[in-house]
Amino acid sequence: MSSVLQPATEDQDPPVARTYRPISSHLAIAPPVSVVIPAMNEAENLPYVFKTLPDWIHEVVLVDGNSTDNTVEVARELWPGVRVVGQSGKGKGDALRSGFEACTGDIIVMVDADGSADGNEIVSYVSALVSGADFAKGSRFANGGGTDDMTFIRMLGNRALCAVVNRKFGARYTDLCYGYNAFWRHCLDKIELDCTGFEVETLMNIRVVKAGLKVQEIPSHEYLRIHGTSNLRAVRDGLRVLRVILGERSNRRALRRRPHPSPLLDTVRGKVS
């Protein structure tokens, strides 16, 4: 496979040459991929996170939430070209927004810094996007996915909130509150993010549906946090997610007036390879 796109015929104006990067044995892509990692005091976990990141990604953007350990130094040692963004506000939503603004890639991937996400799965997300999806949404409950880090109460809450979103917005999600997602950069123009906490994933999932974007679920396995404790609080953050859902309901009337109100939502039955 040639690494540069060549003109089809001499009669056509030659297109701009684009370098293609192999991402699997049968697929090469031209769009640059940015990986955003929000982190606060995750120095011990970063070696596990960076070890699984594929070497063909365009850039890693680490958003440092005013860490008091050597998170930034470890990141720079592990990935010398890492772009470090200092977070001025607080919360995961605020961190992700800062990271998205700093990205230069056409495709953006969200990865947690606690070691729970396997970077080797990024190829499945990118494959879905270059195959036609606008938003590749990770799911721990799609066929092929799984989780080692969810309590029974959190699982019930996630399912209940997911059912509410599916009913109110016409989605067909199998997972709602999961932070491993990928999307084309242009999606940010249609899903303005205006929250600061863990509810950011829910807000994104709702607004991509309302924007009529094509969503494809990607089976993903969530592993246990390796070191430290999570800042997630099931009841507190569950209530914040619920407030986001209720707050977004008022926009459904405007959604009905759009020419194409319903997105095509594909649930993947097996991993995209």
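Here is a short chat about how some labels on this predicted model were reached.

Reader: What should I know about the ground rules?
Author: This is a predicted model, where local features need pLDDT of at least 70 and side-chain atom pairs count only at pLDDT 80 or more, while totals for chains, interfaces and linings use all residues. Residues are numbered from 1 along each chain as its sequence is written, and side-chain values use heavy atoms, with hydrogens and water left out.

Reader: Why is serine 67 called buried?
Author: Buried means under 20% relative accessible area (exposed is over 50%, partly exposed in between; 1.4 Å probe, protein chains only). Serine 67 has 18%, so the label is buried.

Reader: Where is serine 67, and what does its side chain join up with?
Author: Serine 67 sits in the loop between β4 (59–64) and α2 (71–78); helices (H or I, at least four residues) and strands (E, at least two) are DSSP runs, numbered from the N terminus. Its side chain and that of aspartate 64 are joined by a polar contact of 2.5 Å. A polar contact is a pair of N or O atoms within 3.5 Å; within protein, one must be able to donate a hydrogen and the other to accept it, and residues adjacent in sequence count only if both atoms are side-chain atoms.

Reader: What makes serine 34 buried?
Author: Serine 34 has 0% relative accessibility, so it counts as buried. This serine belongs to strand β3 (residues 33–39), and its side chain reaches the backbone nitrogen of glycine 105 at 2.9 Å. Leaving aside neighbours within four places in sequence, its contacts include His58, Glu59 and Cys103; contact means heavy atoms within 4.5 Å.

Reader: Is cysteine 162 buried or exposed, and what about cysteine 195?
Author: Cysteine 162 has a relative accessible area of 5%, so it is buried. Cysteine 195 has 8%, so it is buried too.

Reader: What makes helix α6 mostly covered?
Author: In α6 (residues 200–210), eleven of its eleven residues are buried. Among them are Val200, Glu201, Arg207 and Lys210. Just after α6, glycine 212 takes a positive phi of about 75 degrees.
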